[in-house]
Amino acid sequence: MQNIVHFIKNGKFQIGMILCFLLPPVGILLLFLFGLGAIYEGWKDRKSFSFSFVSMVFFLLLVSTVCASFQMENASLLIGSLMVLGYWGLYLFVRKNGTRMDFHTFKWIIIFGGIYNCIVGWTIHWITINPLVGFLTGTTQLGEADNSRLFGSSYNSNFTMYLLLVAIAFMLAEINAVIRKKTVRPLYWQIPLLLILIFGVFSTGSRAGYISMIIVFMLFFLRLNKIVFMSVSTMFIVLFKKIYELMPRNDNVLYSTYGRENIWSNSIELWKQHFLFGTTPLGFRSEYFKLFNDDMVHAHNLFIGFFAEYGIVGGIALLILLFSTTYKFIILLFLKNRNKGLFNYFLFSLPIIVLTGILDEPTFSPQIALLTVILLSYWKLYTSQYSVAFLNVKLKKFKKMPSGVPFHKKFY
């Protein structure tokens, strides 16, 4: 009982993440408050405020949302600025307080949150849920209603698909570590959990999720053994037709592709109308309706969506962030030093943001975006150990923390 009380008292951040699955509106609000609180603390203590490259990206997004609200003469769009501040503060909070143990807690919250989504998603098909209860628990479907697709406690099947993929990525990193240690016992419970998550992705009916899952598994085989990777790649080529036939809803791929292309072209046209600062995420729907007389809440593409919602200012910031992250990924992937700590967790999970973002935009949901910002924050915390320049990777010399524990030892 004392451990539970201690966790509730000192683990409010982790409780916020758990509530993102159990009671999404409460969890989202709590994490945003954490973020805004971190911004307030940073503003009070400006001498210790660290303005990193990622902070510059958030700052540019903030500028875009503020300027867009004035340009469009719509004060309500300033809520988008508060959301950016919340994301930014959450990043600063993790960068300041995150440890290796906290990351592993986050990892298991995502894994069991994925399992919870599957169980809830399969259960709600058999029961009737009050609309208010459904909203509070995330079990009311938003967007295009399709009761045949699993959407768990994330309001939409594509949002659930994203969470399940990240859970699979973390589970594969766990399995990789177990195999390298040449232990078998943990696999007895890890593989059943993995199978539940895989079946969950199929149940979401997401084609983007299916393709992304295959790529994540290929990364897993690449890190596990090169011979295994080559063998699986050969099998994939030989059995491509069968693998394609296993893809959910493969019978209407052409129709869906045409629909996506139409949304993308319209979103690009919308960006041209709001070139510099965009429409903000909250203003996208109304501006899209004005131009095309169609109800569309987001661009269904991460990159086009960023340019449409944050303009050229936010779009270029995203591309620079993507380039720098990819650069570090490539270097760390081929780094001879095999003791790269948590690298596999990020290698398997972070590409999901881009892979799912190409055909959809699950990070449009604050529930998904907050958890993604936390993941990205831990990645930046992890890579802050490295000085990357001209393909040379070296550990930085770190100042000691107040506890006397070197920073890289605390997280690495």
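I am working on a predicted model, where local features need pLDDT of at least 70, side-chain atom pairs count only at pLDDT 80 or more, and totals for chains, interfaces and linings use all residues. Residues are numbered from 1 along each chain as its sequence is written, and side-chain values use heavy atoms, with hydrogens and water left out.

**Patch.** I listed the members of the nonpolar surface patch: Ile18, Leu22, Leu23, Val26, Leu132, Phe135 and Leu136, making about 550 Å². Helix 2 (12–22) and helix 7 (131–137) are the elements that give two or more residues to it. Helices here are DSSP runs (H or I, at least four residues), numbered from the N terminus. Areas come from the Shrake-Rupley method with a 1.4 Å probe, and for residues only the protein chains shown count as cover.

I then checked Leu22, which is in helix 2. Leu22 counts as partly exposed because its relative accessibility is 36%, on a scale where buried is under 20%, exposed is over 50% and partly exposed is in between.

**Core.** I found 92 residues in the largest nonpolar core, and Phe13, Phe106, Phe346 and Ile374 have the most contacts inside it. Helix 8 (residues 157–180) supplies the largest share, 16 residues. Such a core is a set of buried Ala, Val, Leu, Ile, Met, Phe, Trp, Tyr and Cys residues joined through side-chain atoms within 4.5 Å. Another core, of 12 residues, lies apart from it and includes Trp264 and Tyr288.

For Phe13 I left aside neighbours within four places in sequence; its contacts (heavy atoms within 4.5 Å) include Leu31, Phe34 and Ile374.

**Aromatic pairs.** I count 33 of them, where ring centres of Phe, Tyr and Trp (its six-membered ring) lie within 6.5 Å, and planes under 30 degrees apart are stacked, over 60 edge-to-face, the rest tilted. Phe103 and Tyr345 are edge-to-face, at 5.7 Å centre to centre and 80° between the planes. Phe103 is in helix 6 (residues 100–123) and Tyr345 in helix 16 (residues 343–349), 242 residues apart. Both Phe103 and Tyr345 are buried.

Phe346 and Trp379 are also edge-to-face, at 5.5 Å and 65°. Phe346 lies in helix 16 and Trp379 in helix 18 (residues 366–383), so this pair ties together parts 33 residues apart in sequence.

Key
Buried < 20%, exposed > 50% of the residue type's maximum accessible area, 1.4 Å probe, protein only. Patch = residues over 30% accessible without salt bridge, like charges linked within 9 Å, V, L, I, M, F, W, Y side chains within 5 Å. Salt bridge = Lys/Arg side-chain N within 4 Å of Asp/Glu carboxyl O.
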